[in-house]
Amino acid sequence: MARMKFLCDADRCIECNACVTACKNEHEVPWGINRRRVVTLNDGKPGERSVSMACMHCTDAPCASVCPVNCFYTTADAVVLHSKDLCIGCGYCFYACPFGAPQYPRVGNFGSRGKMDKCTYCAGGPEPDLSTIEYEKYGSNRLAEGKLPLCAEMCSTKALLAGDGEMIAQIYKERVIKRGYGSGAWGWKTAYRETVAI
Amino acid sequence: MKAFAVAVICAVAIGIAASYILSSSQRFAWQAFSTSSARVSQPGTNLVGPRWTGDATGPHDAVAGETTAPKRS
Amino acid sequence: MRRQTTRIRTFVAAAMLAGFAGTAALPALAQQSAPPTTTPTTAPNPTADSVNEDMLFKQGPKIGGRISIPDQKAANLIQPQGREWRGFHETWMPWIGAAAILGMVALLGLFYFTRGRIRMEHSEESGRKILRFNGFERFTHWMTATCFIILALSGLNYIFGKRLLMPVIGPDAFATLSQWAKYAHVYLAWPFMLGIVFMFVVWLRDNIPNRIDLQWIKAGGGFIGKGHPHAERFNAGQKVVFWMVAGFGTAMGVTGLMMLFPFAATDINGMQIMQGIHSLIGVAFIAAILAHIYIGSLGMEGAYDAMGSGKVDLAWARAHHDLWVEKEQARTASGPQLRTHHAPAE
């Protein structure tokens, strides 16, 4: 099985936010919840770069480790998913996540903020694939349809790559060799304990 | 024993009062993170289903058969 | 003739067009053939002064930028501290918690089997009762105590629940239980904090450390040593419990409130530290209160009545809190008799 990863080529990202919009529309993500976001670093200065960030589906995911009800599980594609039936909305995953992926339907106080929501790598949840209940809780399941996450598929500059880690790393490496530069695979060291040698 | 009973009742009462106060100060993400230009006063149309509450076990589960099938290519 | 000139004109025009196109295409051709002759290193590098991860991590512990959505806390791009917090919470905390609580249970067990239950010493005053804690004092004690037990169990559930309880009752039942435990933890924290404030106000006057406490400690406090050293309303051990509850209770309240209202006071790293403090003090608090429960019930005969009915045996009071009994009797004997009428009514 593939080891699914995201890779954002910051030298190509133009902060168009199409990935954010694609994600929101594909999964009917509620207003105010961003499974994916684009962060601009050094905004307005020379060397500004934008990075599209969502759940990185970490190796040995910290969220899954700290969850007090063990609601996380890793699929055969190494996608980190969770069960909203088990989630108690405690927020431990939010503390542990290096990428700020977990979101809650209510903000204000910890008491009753509801079930956590995060990027599913367009792979739904524990419910049967492509069922209505799965769609309502987790959004669509593109992986079950043989498609990759829509954010990466829609990326106009192909900055955001999704797919098997080795394949997208290879694509990125070829790009870097061809053009002669690359600012690296953002977040890979934190998420996967490895990086793409460039 | 009377003091103990009163204490337990009082603790439960204060706890319930706290739950109401905290819940009333709770805001939905769509309320907290919307701007005046964003028309999300009626969240039904742009959220997951018309009665989306943020809970996985919400009104949806009670009337699961009623909900419209998601659009799917 | 006419046709011929037209043909020539067309030819000239075509030649001119071709020539123009050719000259225009020449730089493009040159551009295309440029890369093989020049290596990429001499080409202008757009990332020469661009930001990169390693550089940003050298500048600060986490990477953040600007974001165009209203949720400004999403502007934080990478915070590797999450992994450190996870390391603390998942590898250290269960062991620290287990060591603190099981260690205290073992210690108390050892104490019980070596020292045994501290028996009541009977005297001619046995059977007569004296009011030790009035109704309000007992009320605030039990409100805080019941909340503490729920808070302690639901708090331990966050650490040990998935390790001990979940395999027994299954994930679904455990998730439901944990959901209610979370609600109880969040909402019963409020009567608990109120109780801490009440207890602090009511008992502060009798808990100021003084010289009698030093002698009490030197004499072994009646636990280790023989006989009963002098003590006022609260002896040094009880004063330690009071200040421990006041201090730990405040710390738990403050750190808990910071987590209850995310991002109100601190950022994500602040909340991780708050959670660490909250859990560390939490297990210490539980261990200390276990000792308090032991000595107030099983450990010492006659002590439970003080919080049970509020009235203790005069012989017990004379032995354990002699100075307090003297003061109390002097007040009721010389002062107005109003208090003695009120006291039994409590």
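Biologist: How many salt bridges does the rule find across the interface of chain A and chain C?

Modeller: The structure is a predicted model, in which local features need pLDDT of at least 70 and side-chain atom pairs count only at pLDDT 80 or more, while totals for chains, interfaces and linings use all residues. Residues are numbered from 1 along each chain as its sequence is written, chains are lettered from A and ligands numbered from 1 in the order in which they are written, and side-chain values use heavy atoms, with hydrogens and water left out.

The rule finds four salt bridges across the interface of chain A and chain C, each a side-chain nitrogen of Lys or Arg within 4 Å of a carboxyl oxygen of Asp or Glu. R86(C) forms a salt bridge with D60(A), and their closest N and O atoms are 2.8 Å apart.

On the side of chain A that touches chain C, the elements giving two or more residues are β2 (37-41), β3 (49-53), α2 (62-66), α3 and α7 (188-192) of chain A (DSSP runs: helices H or I of at least four residues, strands E of at least two). The largest share comes from β2(A), with five residues. By class, this side of chain A has 30 nonpolar, 19 polar and eleven charged residues (Asp, Glu, Lys and Arg are charged; Ala, Val, Leu, Ile, Met, Phe, Trp, Tyr, Cys and Pro are nonpolar; the others, Gly among them, are polar).

In extent, chain A brings 60 residues to the contact and chain C brings 56 residues, counting heavy atoms within 4.5 Å. About 4,800 Å² is buried between chain A and chain C, and carbon and sulfur atoms give 58% of this area (accessible area, 1.4 Å probe, lost on putting the two parts together and summed over both).

Over all chains, the count of salt bridges comes to 24.
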